[in-house]
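Here's a quick tour of one protein model. Have a look at the sequence and the 3D view first, then read on.

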Amino acid sequence: MKDSNSFKGYDFLLSNGSVEVHVIHRWPDNAIKVSTKKQVSPDKHQHIMVTYDGSQKARGLAIYFDGVPQELTVQQDSLNKTIKAESSFKVGKRDNSLYYRGEINSISIYPRALDAEEVKLDAGQDPIT
């Protein structure tokens, strides 16, 4: 995500214990923003997965905690243009803001949105529940 240029790009972050995801062409009028209703556990190792199907709709985003899909609050759902930004991929901050303080054990990036069963496997959970 590029701080300048109306925050073009994407990110996910912790905000007051909830996970927020932004997918933005121009904030706030051409963007998606969702957040989890449930908060992450502050003193527990958790697997967090975000998937996005590229549909330019909030319903195309999913957030999972330890392989379990989370109920989301949609705060913005008006994306209709590209999110491609001239910025390198960053971990632990936006372009020049929102610095993360905590531990990250691993990061995986997939070329497509995983389905719920694949997310469970990635989280180390039994996919048959």
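What follows is a short briefing on the inside, the surface and a few backbone details.

This is a predicted model, where local features need pLDDT of at least 70, side-chain atom pairs count only at pLDDT 80 or more, and totals for chains, interfaces and linings use all residues. Residues are numbered from 1 along each chain as its sequence is written, and side-chain values use heavy atoms, with hydrogens and water left out.

**The inside**

- The largest nonpolar core has eleven residues, including Val-19, Val-21, Ile-32, Val-34, Leu-61, Ile-63 and Phe-65. A nonpolar core here is a set of buried Ala, Val, Leu, Ile, Met, Phe, Trp, Tyr and Cys residues joined through side-chain atoms within 4.5 Å.
- Strand 2, strand 3 and strand 5 each give this core at least two residues. Strands (E, at least two residues) and helices (H or I, at least four) are DSSP runs, numbered from the N terminus.
- A separate core of five residues lies apart from it, with Met-49, Tyr-64, Leu-114 and Val-119 among them.
- Leaving aside residues up to four places away in sequence, Leu-61 touches Val-21, Val-23, Ile-32, Val-34, Val-50, Thr-51, Tyr-52 and Leu-72; touching means heavy atoms within 4.5 Å.
- Thr-36 sits in strand 3 and counts as buried because its relative accessibility is 3%. The cut-offs are under 20% relative accessible area for buried, over 50% for exposed and in between for partly exposed (1.4 Å probe, protein chains only).
- With the neighbours up to four places away left out, the contacts of Thr-36 include Ser-18, Ile-63, Phe-65 and Leu-72.

**The surface**

- Tyr-10, Leu-14, Phe-89, Val-91, Tyr-100, Ile-104, Ile-107 and Ile-109 form a nonpolar surface patch, with about 810 Å² of accessible area together. Such a patch joins nonpolar side chains (Val, Leu, Ile, Met, Phe, Trp, Tyr) within 5 Å, from residues with over 30% relative accessible area and no salt bridge (a side-chain nitrogen of Lys or Arg within 4 Å of a carboxyl oxygen of Asp or Glu). Areas come from the Shrake-Rupley method with a 1.4 Å probe.
- Ile-109 is in the loop between strand 7 (72–77) and helix 1 (116–122), and is exposed at 63% relative accessible area.

**Backbone details**

- The peptide bond from Trp-27 to Pro-28 is cis, with omega near 0°. Pro-28 belongs to the loop between strand 2 (18–26) and strand 3 (30–36).
- Phe-7 isn't a glycine, yet its phi is positive, near 65°. You'll find Phe-7 in the segment before strand 1 (9–15).
- Gln-56 also isn't a glycine, and has a positive phi of about 65°.

Definitions and conventions. Patches are made of residues with over 30% relative accessible area and no salt bridge: like charges are joined within 9 Å, nonpolar side chains (Val, Leu, Ile, Met, Phe, Trp, Tyr) within 5 Å.
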